[in-house]
Amino acid sequence: MTEAVATDTLLEVNHLKKYFPIHGGLLSRVVANVKAVEDVSFSLGRGEVVGLVGESGSGKTTVGRALLRLIEPTAGEVKYEGTDILKLNKAQLREYRRKMQIIFQDPFASLNPRMTVGDIIGEALQIHNIARGKARNDRVAELLTQVGMVPESMRRYPHEFSGGQRQRIGIARALAVDPKFIVADEPVSALDVSIQAQVVNLIQDLQQDLQLTVLFIAHDLSVVEFICDRVVVMYLGRVMEVASSKALYTNPRHPYTEALLSAAPIPDPTVKRERIILQGDIPSPINPPSGCVFRTRCRYAIPECAEAVPQLVEVEQGHLKACIRDDIF
């Protein structure tokens, strides 16, 4: 792993890969692979909020789900408190499910419409033998209050709530088993702008109150800057840059990060920013470009960029980039 691991590391990801096979022909053989995640490494310190950003198709959600083994990685290590969870059997993994949870992007699709809110939140309490009967209902009521809803909501169904309320229910469900680590998979992207700030503030308050470690997946850079301690920038399945939020937003060191930040709106009409337009679409993960995967859209690309895959190297303390050029920033 290239990145220096935090002193009190909760989660360490080493060389994570996830390929989705493509089958074809009469015998349905594997004819190609979608390389959704390719050699991703980073770490999360205990109580830290790390943002994972990039364009659609960059592999952010796949990374988040692979960390929890909601999808099985192709290769790599995911060490939770030193234990590689990719090597755990089903019984061992079930124990770790209590420590790691997810907030899904779509608050409606992630909630069972046939179950009441009380059953949705309380299901995990029963599965993990945490609470049953009155104790379960009391815990559900406590969780609903914690996310800003009334306990009486437990008797209603998901379709009776607004999008923001449904996401609060999803957050309560994630907190039900008292996890230490949460993957927040674009938790506000499906919500109205007026509601997004409320949900972001709720996640931030809960993170601080419960000392949660959070991987915050998003494409809204202003939200990431507000809530995250560090940021991991991904493009076409690879990590391009890792830095603290302050360093990344004030001094980006990778051309892709520079382009992303140039597209973020500034809430001041008097401030002008050079807009960097990336030409073309993100390449296919089935046949990614050789060398640096970003070179086909990079305005600083040189012939050498096609020859070798750039590795993450530390350019400043805690600031890493995957780019062979040191003369552009």
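Student: Does Ala-124 count as buried or exposed, and at what relative accessibility?

Tutor: Buried means under 20% relative accessible area, exposed over 50%, and partly exposed in between (1.4 Å probe, protein chains only). Ala-124 has a relative accessibility of 19%, so this residue counts as buried. The model is predicted: local features need pLDDT of at least 70, side-chain atom pairs count only at pLDDT 80 or more, and totals for chains, interfaces and linings use all residues. Numbering starts from 1 along each chain as its sequence is written, and side-chain values use heavy atoms, without hydrogens and water.

Student: In which helix does Ala-124 lie?

Tutor: Ala-124 belongs to helix H3. Helices (H or I, at least four residues) and strands (E, at least two) are DSSP runs, numbered from the N terminus.

Student: How far apart are Ala-124 and Asp-84 in sequence and in space?

Tutor: In sequence, 40 residues separate Ala-124 from Asp-84, and in space their C-alpha atoms are 23 Å apart.

Student: How many aromatic pairs does the structure hold?

Tutor: Rings of Phe, Tyr and Trp (its six-membered ring) pair if their centres lie within 6.5 Å; planes under 30 degrees apart are stacked, over 60 edge-to-face, and the rest tilted. The structure holds five such pairs. One of them joins Tyr-235 and Phe-294, whose ring centres are 5.1 Å apart and whose planes meet at 80°, so this pair is edge-to-face. Tyr-235 is in strand S9 (residues 230-235), while Phe-294 is in the loop between helix H9 (255-263) and strand S11 (313-316); the pair thus links distant parts of the chain, 59 residues apart. Both Tyr-235 and Phe-294 are buried.

Student: What is the geometry of Tyr-300 and Phe-329, which form an aromatic pair?

Tutor: The pair of Tyr-300 and Phe-329 is edge-to-face, with 5.9 Å from centre to centre and 70° between the planes. Tyr-300 comes from the loop between H9 and S11, and Phe-329 from the segment after strand S12 (319-321), so that distant parts of the chain, 29 residues apart, are linked. Tyr-300 is buried, with a relative accessible area of 18%, whereas Phe-329 is partly exposed at 33%.

Student: Which residues do ring pairs link into a cluster?

Tutor: The cluster consists of Tyr-235, Tyr-256 and Phe-294, linked by ring pairs.

Student: Over which ring does the charged end of Lys-18 sit?

Tutor: A charge sits over a ring if NZ of Lys or CZ of Arg is within 6 Å of the ring centre and within 35 degrees of the ring normal. The charged end of Lys-18 sits over the ring of Phe-20, 4.9 Å from its centre. In another case, the charged end of Lys-99 sits over the ring of Tyr-96, 4.4 Å from the ring centre.
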